[in-house]
Amino acid sequence: MDPEKHSWYVPDQSGRTALVTGANGGLGYHVSLELARAGARVLLACRNAERGEEALRRLRAELEPSGAPVAAELLQVDVADLTSVRRAAAEVAERAPVLDVLVNNAGIMATPRWETPDGFEGQLATNHLGHFALTGLLLPSLLAAPHPRVVSVASIAHWFGRLKRGDLMWERNYSPWAVYGQSKLANLLFASELQRRARAARTPLLSLAAHPGISSTELFSVGPRMSGSRAWKLVQEGGMRLVAQHPAQGARPLLRAATDPSVAGGEYFGPDGPFGLRGDPRRTRAMPWARDAEGARWLWERSAELTGVDYAQLQPEDLAA
């Protein structure tokens with residue numbers, strides 16, 4: 001029997017604390033919902049406080065009728081703004097000095113070019129740099145847990161992603177989809193380098209990655225809305241009706257990476273259907289360029305330089321271990 005074909009479910013999470021970015025809707029909401037259902041204390045990290053409060057109300061309304069206690073709370077953070085990230089990380093240090101799971105889920109896709117308050121290109125900042133900084137700043141809380149995990153949410157879009165080393169912020173010849181692919185490639189390179197450094201520093205931290213296939217979330221509407229393209233919006237909505245799965249199903253690979261006791265650091269999860277577009281969660285494999293150790297080191301060093309976050313707790317004498 002294929003061990004990947006068993007009926008998988010979220011095991012009991014009682015006594016664990018998880019933080020999920022982008023938790024007000026889509027994948028992040030369903031990951032938060034299922035973690036809370038399994039007994040975890042969940043911090044719903046959201047950019048918009050009003051939408052975050054609404055998500056918190058929905059989550060409680062769904063779970064409270066079961067009679068089980070619901071431990072969920074809101075954390076306001078804009079991962080595209082390093083000042084907000086630092087403020088949120090300081091707040092987590094007080095509210096959750098022991099953090100078992102961090103799910104780096106928040107993201108945007110194929111938007112027109114814009115710059116963050118820190119002067120970074122918006123997609124790279126939101127999808128990668130903000131999460132790089134947040135993870136590094138939360139390391140003390142993560143390393144205080146007995147079996148901490150960081151889950152980076154990637155995408156099949158990494159298939160066409162390449163690092164534009166000479167122009168990482170795409171100030172020239174900006175292409176919304178190419179930049180999105182680069183940001184999703186960055187998620188996988190970060191996940192692999194984080195695992196390498198965590199292992200070299202002899203910590204128990206597991207770094208994993210997961211992708212949802214094609215899921216019907218608001219992610220697909222942001223780019224057309226920002227560009228003002230009604231035609232592109234209709235095309236994307238039509239495509240979603242044909243191929244996308246419900247975000248509750250798309251969240252399952254993320255949940256497996258976050259909670260399956262059998263996982264090993266560095267693994268990557270996605271749907272088991274054709275081309276990884278939909279289906280049940282299983283181990284999968286990223287493209288070769290997403291497993292490039294030299295590229296991962298380069299991106300890590302550049303990200304540390306840009307964000308000012310140095311991951312001091314993961315500085316062993318020999319990083320080549």
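A: A residue is buried when its relative accessible area is under 20%, exposed when over 50%, and partly exposed in between (1.4 Å probe, protein chains only). Helices (H or I, at least four residues) and strands (E, at least two) are DSSP runs, numbered from the N terminus. This is a predicted model, in which local features need pLDDT of at least 70 and side-chain atom pairs count only at pLDDT 80 or more, while totals for chains, interfaces and linings use all residues. Residues are numbered from 1 along each chain as its sequence is written, and side-chain values use heavy atoms, with hydrogens and water left out.

Q: How is the chain as a whole described?

A: The chain contains 11 helices and 8 strands. Of its 321 residues, 53% count as buried.

Q: Which residues of strand β4 lie on each side, and are they buried or exposed?

A: In a regular strand the side chains alternate between the two faces of the sheet. In β4 (residues 101–104), Val101 and Val103 lie on one side and Leu102 and Asn104 on the other.

Q: How many bridges join β4 to strand β1, and how many to β5?

A: Two strands pair if DSSP finds at least two bridges between them. Strand β1 (residues 17–21) runs parallel to β4 and is joined to it by 3 bridges; here valine 20 stands opposite valine 103. Strand β5 (residues 149–153) also pairs with β4 in the parallel sense, over 4 bridges, and valine 150 in β5 is the bridge partner of leucine 102.

Q: Why is helix α4 described as largely enclosed?

A: The reason is that 15 of the 16 residues of α4 are buried, so the rest of the structure largely encloses the helix.

Q: What caps the N-terminal end of α4, and where is its kink centred?

A: A polar contact is a pair of N or O atoms within 3.5 Å; within protein, one must be able to donate a hydrogen and the other to accept it, and residues adjacent in sequence count only if both atoms are side-chain atoms. The cap is glutamate 121, with a side-chain oxygen 2.8 Å from the backbone nitrogen of glutamine 123. The bend at a residue is the angle between axes fitted to the seven residues ending there and the seven starting there. In α4 a kink of about 35° is centred on leucine 129.

Q: What surrounds threonine 126?

A: Threonine 126 belongs to α4 (residues 122–137) and is buried, with a relative accessible area of 8%. Its side chain reaches the backbone oxygen of glycine 122 at 2.8 Å. Contact means heavy atoms within 4.5 Å. Leaving aside neighbours within four places in sequence, the contacts of threonine 126 include Val79, Ala106, Trp114 and His131.
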